[in-house]
Amino acid sequence: MNGLVHGAVYGGVIASVLLTTIAFGIWFERKFAGRMQSRLGPTIVGPFGLLQSVADVVKLLQKEDIVPRDADRPLFDLAPVLAALFSLGVAAVVPFSPTIIASDLDVGVLYILAVGGLMVIPTFMAGWASNNKFALIGGMRAIAQSVSYGVPLVLAVLVPVILSGTLSVSGIVTYQANHHWFLTWPVFIGVPAFAIYYMAMLAESNRIPFDIPEAESELVAGVTTEYTGAKFTLFYMAEYVHTLVGSAVGAALFLGGWDGPFAPGLHWMVLKTLVLFTVVYWVRWSLLRLRSDQLMVLCWKWLTPIGVLLVLGAAAWVQFVPGGFQ
Amino acid sequence: MNHIGFFIIAASALVSAILVVRSQNLIRAVLWLGVTLLSTAAFYAMLESSFLAGVQVLVYVGGVVTLMIFGVMITRRHEGILVHAENHGSMKGFAVAGSLFAVVAFAIRATDGLDRERPFTPLTTKDLGRELLQTHVLAFEVVSFLLLAAIIGAIVIARKRDPVEKPAALPAPHATPSATKEAHP
């Protein structure tokens, strides 16, 4: 019973904090994009336009909930809920500080990969159940992309697991706090592994340059074409949460998580997460979308072989270089 | 408390398994299969085998179900969102399922050491890794070699358009489904 209460409290707090962060994250992205394009971004609602997201959410929730006549109604309704559930679910094993972690699973890394990988199911469900050609093409693209990018993602995440000798996320962070961040040492393994993780994370959360399931210039809005109002809001939030949590996981696995001088751990973790989160939008407003085939070439001919080499390199490092975890 | 959880999971596993074979729409059947596999993962988690539960979700729900959807979408003709599941031979299926149940039940009955009274100690992930990569390393390598062969075989079958060989020289096509299914890590 205690576990249930603990889970409910932690889950409620973490979900609220993440969703609030997302609301201001969207404001920040719009400001950021505006400055990059010599515009001002939102300025009207609240000081510096800070309340723009609040106004947007209120507006979206008021909109009519339209379900296409020929849609598969149960799946259509379920998809956004599952998307929100899976994207928030990953946050359960992310250590935000030495003590703030909802569940310190001993197989936390596996849990992240498993639950994060499930995100493709609601995306496909939405595309399928909408009974719309654009949505269906978007759903198919999402499936193809997820099948491909799962492989380099797992390979990249295996590198910190091998280097630290544990599958627990907090264990990996503690190892880095006691030794060195994996991004900085061994640098020729850490940097490429982090780069592959970051690209695969962008692909998993359907961000530019890998947003081909949504591809608004080709597919209207991809899988979310038929969604309106609250359900669309859920999808939209789930995508941002997925990116934010993906950044947090990257910070924990490669950038030492809560480790850092002077300030408390929580501050460092938040700072690192937000830096990675900002880079996502930097990339988003700088690069163009890849074509489907380019995406596959990048994944199978470059990221996957390099990932295999990195895993071998990490294993050799642990085995032969003194001062490894054994 | 645990008993209630067990019965909820068991009910969800059984109901979704029945819906897999009773669904008229193939895509829905595949999604119900995902629920069945998730329930199995929940059983593993209840038995404190968290590694097995994680792998079950990662490989089966994230991998196999996704690939099955992919396969259905590419190979089957569909009008709108209806892909008809052709549920022929339910009696044969019943016979096969019944005999499989009998075999598994017999195996469980015949296994020693499944004593209700004995304290239950789950295998840790570390022990599992040691067992796989030290005690049973030969079997592990043989399995991975077999999977590699299956992947290469699947590529050979899929690349029919290459004008190198006549189709008659290709291996039997019934190898395809198992090969593609196993190809995911």
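How many salt bridges does the rule find across the interface of chain B and chain A?

1. Across this interface the rule finds 1 salt bridge, a term that stands for a side-chain nitrogen of Lys or Arg within 4 Å of a carboxyl oxygen of Asp or Glu. Asp72(A) and Arg28(B) form a salt bridge, with their closest N and O atoms 2.3 Å apart. On the side of chain B that touches chain A, the elements giving two or more residues are α2 and α3 of chain B, and α3(B) provides the largest share, 15 residues. By class, that side of chain B has 16 nonpolar, 9 polar and 1 charged residues.

2. This is a predicted model, in which local features need pLDDT of at least 70 and side-chain atom pairs count only at pLDDT 80 or more, while totals for chains, interfaces and linings use all residues. Residues are numbered from 1 along each chain as its sequence is written, chains are lettered from A and ligands numbered from 1 in the order in which they are written, and side-chain values use heavy atoms, with hydrogens and water left out.

3. As for the extent of the interface, 26 residues of chain B are in contact (heavy atoms within 4.5 Å) with 26 residues of chain A. The area buried between the two chains, that is, the accessible area (1.4 Å probe) lost on putting them together and summed over both, is about 2,200 Å², and carbon and sulfur atoms give 82% of that area.

4. The second largest pocket has a volume of about 1,500 Å³; a pocket here is an open set of points on a 1 Å grid, with protein on both sides within 12 Å along at least five of seven lines, and lining residues have an atom within 4 Å of a point. Its lining counts 44 residues, and those nearest the centre are Leu85(A), Phe86(A), Tyr111(A), Val115(A) and Leu38(B). Among the elements that each supply at least two lining residues are α3 (73–89) of chain A and α2 (26–46) of chain B. The lining divides into 34 nonpolar, 9 polar and 1 charged residues.

5. The count also comes to 1 cavity of 30 Å³ or more, a cavity being a set of grid points where a 1.4 Å probe fits but cannot get out. The largest cavity has a volume of about 190 Å³, and among its 18 lining residues Ile112(A), Leu153(A), Tyr197(A), Glu204(A) and Gly246(A) lie nearest the centre.

Definitions and conventions. Grid points are joined across faces, edges and corners, and a volume is the space filled by probe spheres set on the points. Helices (H or I, at least four residues) and strands (E, at least two) are DSSP runs, numbered from the N terminus. Ala, Val, Leu, Ile, Met, Phe, Trp, Tyr, Cys and Pro count as nonpolar, Asp, Glu, Lys and Arg as charged, and the others, Gly among them, as polar.
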